[in-house]
Amino acid sequence: MEDVLRQSHASPPLQKREDSTMSPHPDVGPSKGASTQRNSSPAEHTGPISMFSNAQRFNVENVINIGSSSQHVQHVQNIQSNRIDGWRMLLKNIASNALHDSSARFDPPKCDDDTRVEVTNELMDWIQDPGAGKSALQQTIAEKCAKSNILGSAFFFNAGDPTRNNLTRIVPTIACQLGLRHSALRDAMAKAIEEDPLIFKKTLRIQMDTLVVGPFKNVCASGELDRNTFPHAILIDGLDECSGEENQAELLSTIKSCLLDNDLPFRIFIASRPEWAMRSALDSEPEGYLYQHAYHLKLSDMYDATGDIRRYLWNRLRGIGSRSRDRRAQSHLWPTEQDIEKLVAAASGQFVYAATVVKYVSERRSSPVDRLRTIIEWTPEGGQQTCRPFELLDILYRNILSTAKELYEAVDTNEGRDFLLLVRAHQMNSDFRIGEARDSTRNFDEIISLEEGGHQVLFSDLHSLVFLRQDPGITEVWEEMRFYHQSFSEFLDSEFRAQHLFVSEARVRQYVVESCLRKLRQHEDFLHDWSFYTIVGALFRYSKSQTTYVVDLRSLIDFTRNNGWGVIDDRLSSHVEINQANNVHWYGLVHFTLDAIQYLNDDIHEHDLADIVKSYFDKWKERYEGYGFKEIK
């Protein structure tokens, strides 16, 4: 489900630094090197000579006004109040909630000590060695980097937090953390802000150059900072939770042009779901602008988390049981191995499901035994409408699906298309829901009136949930859709869970039948030579035994009145002439034709239209009985 992007640019070897500011409560006050200095002349004094008259390079703050020196003190205060303090301006523009150790992220998700060991070890090796579940993984890496004194900065996006779901504060937040690692760098950043107080209103690239790149280069050039010992890990989590695809892409392009292209020593670790901005930057075909600069780690493809999920569930559920007042939960027999294996199977290799289970079971006001049983036995039809054990997971699915729907339907060429209906149709096709058969994604696009390759556009913002693969059991090109999460398919099936995003199976059947009838009537638009067979087969499967396959039967009436049956007749004749009659789904065509006659006669009493269909049925029975067009008894 998640992607991890790691900059492949060389970084310095791990060394202990002596000059870094890493105390738990670092000095975040005014920059010492950025203060305004001024020497008073005797002419400026109207009272007795000040004891500070010959002093050099000092600031006066918190002055107490005493006696005849009040005018002089007021003058000093005016100087102080007019001075621009760059560091304080920076602090006002950061997103403190985005820090890896922020109090706003109390008890953030992270990997257990014995889970995700392989991937965390590889990532730490990459961060430290120049030759070498997403948020939980990123949190764990951040803490390891902090302990190793190599964490330069971290920023955790969150879609629900307005201070960290956009780009407004990310550069100031990164700059602030880097500045806290070295006093000279902090002073250089403060000076840059004092020279350009409007910097926080400028483009992301200008902010990065002004607040990070320029100060870092200047301090290195002056010899005040050793780039080989500076904390070089920059971690960014949840890029997909930054609002707006264009904003996500702008951040990635800024990182490349400012940090990578300037040969800075930073190692940049970005974790995100594989949505458009990440994919377009990292894809090999066509080559994205970060492809040559990044080491791309696909967690879902490269690491089997099943064993980790099993250990995670055992550890967390036993821990919950040991703290529970329910004696059943305290027993060494709880949870059972059967319980764990059911949960592992339902997780489909994804930690998000397991984390949702643990969150639900850990509710202190209920028995963990009862809540775990609710999850294992829960069905939306089971009368448990007050129980929502997967609500956190469902919120995630609804957010992803709603965003993808909005983006898809906003494109003018997709106007009038129902995104949710098309996704649900592809799901039902891939799951063998209809007639125990399915079509390849390529063929199914035509069946549901999408252009060739339309499924790739349809799924372009669902890559964290959906993937496409070649069926290994079929030699020809046969791409099929699959879900990373079994729970997402169950979500789409449940009106209780999907809520306003739910699309019924009956509605999908109706749409597919109507689409097939339209395609048959407009046969000149067929994409392939075999399209006729594909569409007739789908028409049969989706209308079979469904007396309500078209709610008002208008599509069948239109099809009959507009010579749809004549189009089929012409197509059958041509296929017989070129010896391809065996490819026709004769059995399905017989069923559909007889059903149409019955619907027109009995349901809507369009007897004249029924007679038209009956004439074609009799003609085909006489002409093609030898091929398989036979009346069903």
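1. Let's start with Asp394: leaving aside its neighbours within four places in sequence, Asp394 is in contact with Phe491 and Arg497. This is a predicted model, by the way. Asp394 is found in helix H16 (residues 391-409), and with a relative accessible area of 3% it counts as buried, the cut-off being under 20%.

2. Another aspartate to look at is Asp445, in helix H18 (residues 441-447). Asp445 is buried but has no salt bridge. The nearest side chain of opposite charge belongs to Arg442, 8.1 Å away. Not counting residues up to four places away in sequence, Asp445 touches His426, Leu450, Glu451, Gly453, Gly454 and His455.

3. One of those contacts of Asp445, Glu451, has a salt bridge with Arg417, where the closest N and O atoms are 2.7 Å apart. Arg417 sits in the loop between H16 and helix H17 (419-430) and Glu451 in the loop between H18 and helix H19 (454-458), so the pair ties together parts that are 34 residues apart in sequence. Arg417 is partly exposed, with a relative accessible area of 23%, and Glu451 is also partly exposed, at 35%.

4. Now the strands. In E2 (residues 151-156), six of the six residues are buried. Strand E2 runs parallel to strand E3 (residues 233-237), with five bridges joining them. Ser153 has Ile234 of E3 as its bridge partner, and Ile234 in turn has Ile268 of E4 as a bridge partner. E3 and E4 also pair in the parallel sense, over five bridges.

5. How are the two faces of E4 (residues 267-272) covered? Arg267, Phe269 and Ala271 are buried on one side, and Ile268, Ile270 and Ser272 are buried on the other.

6. Helix H13 (residues 337-347) has Asp339, Ile340, Leu343, Val344, Ala346 and Ala347 as its buried residues. They cover an arc of only 165° around the axis, which puts them on the same side of H13. Glu337 and Gln338 are exposed on the other side. The cover over the buried residues includes helix H11 (306-323), helix H14 (351-361), helix H15 (368-377) and helix H20 (486-493). After H13 comes Ser348, with a positive phi near 55°.

7. Asp370 is in helix H15 and Arg328 in helix H12 (residues 327-330), so the contact ties together parts that are 42 residues apart in sequence. Asp370 is partly exposed, with a relative accessible area of 40%, and so is Arg328, at 44%.

8. Helix H27 (residues 607-624) has 18 residues, which at 1.5 Å a residue should span 26 Å; the end C-alpha atoms are 25 Å apart, which agrees. Its buried residues are Leu609, Ala610, Val613, Tyr616, Phe617, Trp620 and Tyr624. Seen down the axis of H27, they fall within an arc of 125°, so they line one face of the helix. Why would such a spacing give one face? An α-helix has 3.6 residues a turn, so residues three or four places apart point the same way. Asp608, Asp611 and Glu622 are exposed on the other side of H27.

9. Lys619 forms a salt bridge with Asp569, the closest N and O atoms being 2.7 Å apart. Lys619 lies in H27 and Asp569 in helix H25 (residues 564-577), so the pair ties together parts that are 50 residues apart in sequence. Lys619 is partly exposed, with a relative accessible area of 30%, whereas Asp569 is buried, at 7%.

Key:
Residues numbered from 1 in each chain as written. Predicted model: local features only at pLDDT ≥ 70, side-chain atom pairs only at ≥ 80, totals over all residues. Heavy atoms only, no water. Buried < 20%, exposed > 50% of the residue type's maximum accessible area, 1.4 Å probe, protein only. Helix = DSSP H or I, 4+ residues; strand = E, 2+ residues; numbered from the N terminus. Pairing = 2+ DSSP bridges. Expected span 1.5 Å × (residues − 1). Arc of directions from axis to C-beta. Lys, Arg positive; Asp, Glu negative; His and termini not counted. Salt bridge = Lys/Arg side-chain N within 4 Å of Asp/Glu carboxyl O. Contact = heavy atoms within 4.5 Å.
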